Amino acid sequence: MNGVTGRMGTNQHLIRSVVAIIKQGGVKISDSEYIMPDPILVGRNEIKLKKLAEMAGVEKWTTDLNLVMNDPQYQVYFDAQTTGRRAEAVIQAAKSGKHVYCEKPVATSVESALELYRVCEEAGVKHGVVQDKLWLPGLLKLKRLMENDFFGKILSVRGEFGYWVFEGHTVPAQRPSWNYRKEDDGGIIVDMLCHWRYVLDNLFGEVKGVFCLGATHIPERVDEQGKAYKCTADDAAYATFELEGGVIAHFNSSWVTRVRRDDLLTLHVDGTKGSAVAGLRECWTQHYGNTPKPVWNPDIPNPINFYEGWSKVPEQENFDNAFKAQWELFLKHVVKNDPFPWNLMEGAKGVQLAEKGLESWAKKAWVEIGRIH
């Protein structure tokens with residue numbers, strides 16, 4: 001596990017996924033067989049690695065990546081480094097015969113992302129990319145509604161994502177400074193459009209085109225050493241997508257917005273038979289028969305409480321941590337060859353949409369999304 005000293009790598013991939021799998025006794029594949037991960041932590045900072053290993057209860061760690069790459073005991077390589085460091089390590093892992101699982105974006109360009117896919121295919125190793133939001137309880141509830149034809153014909157999807165990330169002058173920032181420097185592969189378009197690609201493709205229809213407007217609203221922030229730096233990457237993105245089947249999707253992604261909605265991420269889906277609003281964990285619905293009939297009149301207080309006509313989807317099944325759920329599926333894919341469609345080609349599609357979003361912003365124009373292979 002390379003690069004898991006970062007916030008996401010530590011909390012979601014190490015503690016809540018791999019360590020949690022170990023504590024539960026492995027991934028069950030039959031009444032008598034379990035897959036038991038045996039992780040070794042890899043990174044550049046010996047002090048951070050040692051501290052993290054002790055905290056997580058993991059015995060093995062090293063700063064020598066080549067050592068574990070050449071050790072046949074380790075069959076899977078996981079990468080949660082910053083994006084710019086990922087491609088070289090993934091190629092090395094594939095050529096060393098390791099199965100590859102990595103965070104997104106998988107690379108800094110479509111060309112590089114496709115190269116990773118080709119190298120892994122030629123090496124005959126299995127490969128996957130993290131697409132965690134597909135296993136969020138709120139989105140799984142949304143998917144169940146779609147499977148039961150709750151919406152009828154889906155017309156549109158509106159996504160709202162983000163929160164206020166403090167600049168660091170008085171209140172410490174809660175995201176790393178590289179996120180706001182383009183030279184360090186930062187930017188919310190590169191970060192979030194990869195997510196929106198797999199969410200849209202898997203739930204609502206393949207993305208055909210995009211118009212995206214980015215912005216760097218906050219010009220200066222303070223880094224981890226307390227030094228002010230110039231923000232060179234976008235901290236907000238306003239994007240409209242056309243999907244196969246005619247669905248229109250619009251996503252606002254922002255690190256400079258104050259939340260007044262149900263969750264940090266909400267998806268509002270409108271269909272001919274009904275609508276739903278899904279957050280990270282909860283989902284609310286309004287059927288055609290429960291839809292109010294408002295009349296525009298700004299001269300009087302609105303007589304309708306628009307929140308009252310929505311019903312909360314009940315808990316009909318148990319949901320695991322989204323990252324852990326996909327980790328278990330990938331481990332089953334490696335050991336049992338179970339299907340795992342979320343491979344590095346899917347990761348390349350995410351990078352493609354981010355690139356097209358940046359192109360759209362630069363041109364102030366609609367950009368078509370072609371098929372890549």
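This section describes the sheet, the helices packed on it, the aromatic pairs and several single residues of a predicted model.

Because the model is predicted, local features are reported at pLDDT of at least 70 and side-chain atom pairs only at pLDDT 80 or more, whereas totals for chains, interfaces and linings use all residues. Residues are numbered from 1 along each chain as its sequence is written, and side-chain values use heavy atoms, with hydrogens and water left out.

Helices (H or I, at least four residues) and strands (E, at least two) are taken as DSSP runs and numbered from the N terminus. Strands of a sheet pair through backbone hydrogen bonds, either parallel or antiparallel, and two strands are counted as paired here if DSSP finds at least two bridges between them. In this model, nine strands form an open sheet in the order 17-16-15-14-8-13-12-9-18, and the pairing is mixed. Strand 17 (311–312) and strand 18 (367–368) stand at the edges with a single partner strand each, so one side of each is left without a neighbour in the sheet. Within the sheet, strand 9 (residues 207–215) pairs with strand 12 (residues 236–243) in the antiparallel sense over eight bridges, and Phe-211 has Thr-240 of strand 12 as its bridge partner.

Helix 9 (residues 344–363) packs on the sheet and touches strand 9, strand 12 and strand 18 (contact means heavy atoms within 4.5 Å). The direction of helix 9 makes about 55° with that of strand 9, where axes are lines fitted to C-alpha atoms, for helices over the stretch in contact, and angles run from 0 to 180 degrees between N-to-C directions. Helix 6 (residues 137–147) lies across strand 8 (154–162), strand 14 (265–271), strand 15 (274–278) and strand 16 (283–287), and runs at about 30° to strand 16.

A pair of aromatic rings is described by the distance of the centres and the angle of the planes. Rings of Phe, Tyr and Trp (its six-membered ring) are paired if their centres lie within 6.5 Å, and planes under 30 degrees apart count as stacked, over 60 as edge-to-face and the rest as tilted. By this rule the count comes to 14 aromatic pairs. The rings of Phe-161 and Trp-196 have centres 5.8 Å apart and planes at 70°, so this pair is edge-to-face. Phe-161 belongs to strand 8 and Trp-196 to helix 7, 35 residues apart, and the pair thus links distant parts of the chain. Both residues are buried (under 20% relative accessible area, with exposed meaning over 50% and partly exposed in between, for a 1.4 Å probe and protein chains only). Phe-330 and Phe-340 also form an edge-to-face pair, at 5.3 Å centre to centre and 75° between the planes. Phe-330 is buried at a relative accessible area of 0%, and Phe-340 is buried at 6%. One aromatic cluster is formed by Phe-78, Tyr-101, Trp-135, Trp-327, Phe-330, Phe-340 and Trp-342.

Arg-181, in the loop between strand 8 and helix 7 (188–203), counts as buried at 17% relative accessibility. The side chain of Arg-181 makes a polar contact with the side chain of Ser-177 at 3.2 Å, a polar contact being a pair of N or O atoms within 3.5 Å in which, within protein, one must be able to donate a hydrogen and the other to accept it, while residues adjacent in sequence count only if both atoms are side-chain atoms. By contrast, Gly-124, in the loop between helix 5 (110–123) and strand 7 (127–129), is exposed, with a relative accessible area of 60%.
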